[in-house]
Amino acid sequence: MASISRNLRRSFAPDRLRRLLLLSQHPREYVTAECHRPVVLHKRGPDILHDPWFNRGTAFSMTERDRLGVRGLLPPNVVSSQQQIDRFMLDLIRLQTYARDGPSDTYPLAKWRILNRLHDRNETMYYKVLINNIEEYAPIVYTPTVGLVCQNYSGLFRRPRGMYFSSEDRGEMMSMVYNWPADQVDMIVVTDGSRILGLGDLGVQGIGIAIGKLDLYVAAAGINPQRVLPVMIDVGTNNEKLLKDPLYLGLQEHRLEGDEYVSVIDEFMEAVFTRWPNVIVQFEDFQSKWAFRLLQRYRKTYRMFNDDVQGTAGVAIAGLLGAVRAQGRPMIDFPKQRIVVAGAGSAGIGVVNAASRTMARMLGNNDVAFESARSQFWIVDAHGLITEDRADIDPDARPFARRKGELGHQGLSEGASLVEVVKKVKPDVILGLSAVGGLFSKEVLEALKDSSSSRPAIFAMSNPTKNAECTPGEAFSILGEKAIFASGSPFHDVDLGDGKIGHSNQGNNMYLFPGIGLGTLLSGARVISDGMLQAAAERLASYMKEEEVLQGIIYPPISRIRDITKEVAAAVVREAVAEDLAEGYREMDARELARLSEEETIEYVKTNMWSPVYPTIIYKKD
Ligand SMILES: NC(=O)C1=CN([C@@H]2O[C@H](COP(=O)(O)OP(=O)(O)OC[C@H]3O[C@@H](n4cnc5c(N)ncnc54)[C@H](O)[C@@H]3O)[C@@H](O)[C@H]2O)C=CC1
Ligand SMILES: CC(=O)C(=O)O
Ligand SMILES: [Mg+2]
């Protein structure tokens, strides 16, 4: 302070000095005429956000955002510079506290921060690190750590990534999409933040899941990172904690509902498909009531799919077929499996819909086949077994409600508990998409010992880790080495002693969505058909070798994700061609695509996958 004063005394007249020293005790008001002089810039949009001299981040006012072409490139909440500092300080203090002996989640978050900083400064290097160490870092950029990142996003937010459209942007979205710097976008992952993993409504903070999914699009599918766009549609939040949080970056109002909500999503879809007619839009982590409705609304018009409904279904089908093979039975025996599903949301109903269709196809695809397939599923939700007797039954679950006639002889009734259902049904499989950690309790697993299968299968698919319906340790300790186990988030294999291993498979839609997106892109299919999704699931199912499946390994290790994605994408391309949906991609037109053999299709996919290599850069004057 003394030296500051000396220097100041040398350069200022006494009255001015007195004023400045007075102001320095109130640093927030330390404002000189120099600060008010306007700055003339020869740049706009993201160039300003990436310039540390002029970037103001979330403190840019709405008029400035419009004037400078950055509207939509920042979370919608405009904050003061003091709020920005408060947010930063809070985060810094958290880190200081946890960097010592904090809770076990500290290190994954610290790793995420380091990776995120690399992502911001060197995309090529970031993806090289991610691809070369996918086993170690997929759980950081994706589930489970991405859940923690979303929960803490307001504190972690540094540089914007992706686009934000809010209900306040109604009428503006068509022009806002032109604020995005890339002329070509291949893949958008969009969320409204209403159900992030099994963590509920995280509002604007859900952007983290769109970023994480797109990281896998680049790492697994080789989509060029310059052509991906994470999107957050902020229509408010019903999370009371976020509504009161002064540091929250999203709109602090309750979610839009009904037609108003749909009109926002409609406007977004129209805007992105107008600017990028060939883009593919993946809907992610929308609460179930909107997931199904939006899928039905758009799937015949736009190149889109819902990952939680359709991607999860395909991964589950592949795993269920693997569980049949693990019993030493042919896949065609699938329609005989008795399957209890816990969870009747977008994921659970999506699985039952698609798995029953697969069974029905195997049985001849007629009404009798569909009826027989339906009767293999028992769905239990928060209110117990779903039957025809339920009042206010969810229309999406209605086709799978147990019929009155079936209940008597099974000794079950409306609302029966999961344990009761497992005891009476003696299922081959229990599959959890409930977001309830520990739901497959000791009692449930004990009841599964009476399963009619020689190798009962447990799919604890809810995310993140703490929401898994059970751990592999719990499953193997009760059901023994013959059990088949898969979970949504990664677990380690279990050492069962005597050199025996209980394999912990990761049953996650990450094994399908990158291949579905890539296959759609490279086929140029106008829409994403059920057949294309089925082809993707079947390719994943057949990917595992007989000897692996017999050991209980029903999904590939994540280290093989780039290879499996290439195979899935090729299967999607071939199905799009077979269904006459393919329009070709770049120089490969539909006719040439149709002439490719299976091997040539795989080669075609492989050569179109981006790899992280520094390109030669040439300077050209405008
Ligand atoms: N492994 C994977 O690839 C995927 C996993 N998921 C996970 O699935 C979970 C559910 O997702 P959504 O279906 O979209 O959520 P949701 O919230 O729409 O559905 C949850 C369902 O679980 C039911 N439920 C709640 N408590 C229950 C209980 N005690 N017993 C039985 N059922 C109960 C609810 O009634 C509801 O039907 C999430 O944790 C999500 O992370 C979702 C997509 C993919
Ligand atoms: C994996 C995934 O999409 C989910 O848990 O929602
Ligand atoms: Mg999801």
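Biologist: Which residues surround ligand 2?

Modeller: This is a predicted model, where local features need pLDDT of at least 70, side-chain atom pairs count only at pLDDT 80 or more, and totals for chains, interfaces and linings use all residues. Residues are numbered from 1 along each chain as its sequence is written, chains are lettered from A and ligands numbered from 1 in the order in which they are written, and side-chain values use heavy atoms, with hydrogens and water left out. A residue is near a molecule if one of its heavy atoms lies within 4 Å of it. Around ligand 2 you'll find Tyr142, Arg195, Leu197, Lys213, Glu284, Asp285, Asp307, Asp308, Asn463, Asn508 and Asn509.

Biologist: Which polar side-chain atoms lie by an oxygen atom of ligand 2?

Modeller: A polar contact pairs N or O atoms within 3.5 Å. Here, Lys213 has a polar side-chain atom 2.9 Å from a ligand 2 oxygen, Asp308 has one at 3.0 Å, and for Asn463 a side-chain N or O atom sits 2.8 Å away from a ligand oxygen.

Biologist: And what coordinates the magnesium ion (ligand 3)?

Modeller: Donors are N, O and S atoms within 2.8 Å of the metal (3.2 Å for Na, K and Ca); water is not among the atoms, so sites may look incomplete. For this ion, they come from Glu284 (OE), Asp285 (OD) and Asp308 (OD), at 2.0 to 2.1 Å. In sequence, the spacing reads E-D-x22-D.

Biologist: Are Glu284 and Asp308 buried or exposed?

Modeller: Both Glu284 and Asp308 are buried, meaning under 20% relative accessible area, with exposed over 50% and partly exposed in between (1.4 Å probe, protein chains only).

Definitions and conventions
Polar contact = N/O pair within 3.5 Å; in protein donor to acceptor, adjacent residues only side chain to side chain.
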